[in-house]
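Thanks for coming, everyone. Please have a look at the model on the screen, and then I'll walk you through it.

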Amino acid sequence: MNPTARSRGGPARPGAGELAVVLKGYPRLSETFIAQEIRALEQRGFRLRLISLRHPTDRKRHPVHGEIAAPVTYLPEYLYQEPLRVLRGWWVARRRPGYAAARRAFLRDLWRDRTPNRIRRFGQACVLAAELPDAVAWLYAHFLHTPASVARYAALILDLPWSVSAHAKDIWTTPAWEKREKLAETRWLVTCTAFGAAHLRALAGAPERIHLLYHGLDLDRFPAPAAAVSGDRDGSGRDVGDRDVGDRDGSDPAAPVRLLSVGRAVEKKGFDLLLDALAGLPPELHWRLTQIGGGPLREALVRQAERLGLAGRIDWRGAADQSEVIAAYRAADLFVLASRVARDGDRDGLPNVLMEAQSQGLACLATRVAAIPELIDDGNTGALVPTDDQAALTAALARLIRDPAERARLGRAGQQRVRTDFAMKEGIDTLAALLGPAADGAAVAGRAAE
């Protein structure tokens, strides 16, 4: 491997082995939770090596990406693009003692999943196994689908332990047979919602190896407004830094209520439903929507907004970095996310954007789907409506647009909930304990003896 390394990072543990983190793509604006975890592990002394199955496509990066010191290696995204590297990887991998077991596992999988994607994952695993430095003691994959397949095959080839962090789409779109077999082989799995953990424990032969681990927020990166933290007063009985909801209630065309939604334009985010709900609002209510995020459905959504007569009320900003998103949270009056279960079974886990918005004291309106109720208690720390219910979403929007005091109450309660129960530290404590064997280098000795 010829990764490019940077010099920053926490002090390495004495005699520590390296941990290879297998990712679908790196860096990605939509995966801030992964970046903050990587940086937190570095700060605790873990020596990391990032393995990406795809090259980055986002033009921007979050500040945390610039702080990560781990070298990054990009595997051949498509095997035909680097045929010599793939051939060399296979030639080296086939001489490893675990290659026969990995090949058997791959052929069993291929019989049930006869796709080019399956072949590509085995080819990537051969390259990874051939090029991985001997110092690597453990493989840790983010996402239970393709990254876990590459990690699994490579771990079999190299006779290394591996583990996985499961999230949302990977849980709900991976076939049950594949989930069962991966759960039987991985040392442990962490997942970010109780909803997902219950599903995976029902499939696992050893459910005690499935751990609930909320991502939480790095609150140093999402601080409350400075004046609110300081507690300075302006004589009105409230903190100067409290969210400036003013008296915007949708009645003044010169002061429309500012709505915000952040997420990739994909089916499970329900942006088409949100547009229909907005179109159903009474004409006398004045509002503007800012939508942040790229995605394959973005152009179709823009056309839908035009058909509905909403184009002049919506600001489509595209992908944004973390500082831009935080500024948008602080400028908004209400955050809206209309998540749903997509036709292929894909769904959100616990969207980080909801925690981010709440960390800034922004009231949130979302749908009662997947793990969102694990964060938002309807009527107390936010507002929830049934999923795919346009009428209910329209009614909730109208109510909250008209009621700035209710938005302020929900925003304060949501902020307290996130800062009390969803800080990142506890989850990183759990993850660091699980990854302890990866840091002591115990697995390295076995490979060195081959």
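Asp109, Arg112, Asp113, Arg118, Arg152, Glu178, Glu181, Lys182 and Glu185 are joined in a network of salt bridges. A salt bridge here puts a side-chain nitrogen of Lys or Arg within 4 Å of a carboxyl oxygen of Asp or Glu. Side chains of opposite charge can pair when their charged atoms come close.

Before going on, the ground rules. This is a predicted model, where local features need pLDDT of at least 70 and side-chain atom pairs count only at pLDDT 80 or more, while totals for chains, interfaces and linings use all residues. Residues are numbered from 1 along each chain as its sequence is written, and side-chain values use heavy atoms, with hydrogens and water left out.

Helices and strands are DSSP runs, numbered from the N terminus (H or I, at least four residues, for helices; E, at least two, for strands). Arg152 counts as buried, at 2% relative accessibility. The cut-offs: buried is under 20% relative accessible area, exposed is over 50%, and partly exposed is in between, with a 1.4 Å probe and protein chains only.

How many salt bridges does a search of the whole structure find? It finds 34. Two others deserve a stop.

Next pair: the side chains of Glu131 and Arg85 form a salt bridge at 2.9 Å, N to O. Glu131 is in helix α5, residues 116-131, and Arg85 is in helix α3, so parts 46 residues apart in sequence are tied together. Glu131 counts as buried, at 16% relative accessibility.

Asp272 is partly exposed at 29% relative accessibility. Arg340 is buried at 10%.

Now empty space. Rolling a probe the size of a water molecule over the atoms shows where empty space is left. On a 1 Å grid over the protein atoms alone, a cavity is a set of points where a 1.4 Å probe fits but cannot get out; a pocket is an open set with protein on both sides within 12 Å along at least five of seven lines; lining residues have an atom within 4 Å of a point.

The largest pocket holds about 1,400 Å³ of space. Its lining has 50 residues, and Arg28, Ser30, Glu31, Arg264 and Lys269 lie nearest its centre. Elements giving two or more residues to that lining are α1, α7 (169-173), α13 (322-331) and α14 (352-359). By class, the pocket lining has 19 nonpolar, 15 polar and 16 charged residues.

Cavities next. There are three of 30 Å³ or more. The largest cavity has about 50 Å³ of space. Its lining is Phe33, Gln36, Glu37, Leu213, Tyr214, His215, Met424, Gly427 and Ile428. Helices α1 (32-43) and α18 (424-434) each give two or more residues to that lining.

Now the backbone. Most residues other than glycine have a negative phi, and most peptide bonds are trans. Which peptide bond is cis, with omega near -10°? The one from Tyr26 to Pro27. Pro27 lies in the loop between β1 (18-25) and α1.

Ala370 has a positive phi, near 50°, and is not a glycine. Ala370 sits in the loop between β12 (364-367) and α15 (372-375), and is buried at 17% relative accessibility. Asp388 also has a positive phi, about 60°, without being a glycine. Asp388 is in the loop between β13 (383-385) and α16 (390-402). At 43% relative accessibility, Asp388 counts as partly exposed.

That's the tour. Over to you for questions.

Key. Points joined across faces, edges and corners; volume = space filled by probe spheres on them. Nonpolar A, V, L, I, M, F, W, Y, C, P; charged D, E, K, R; others polar.
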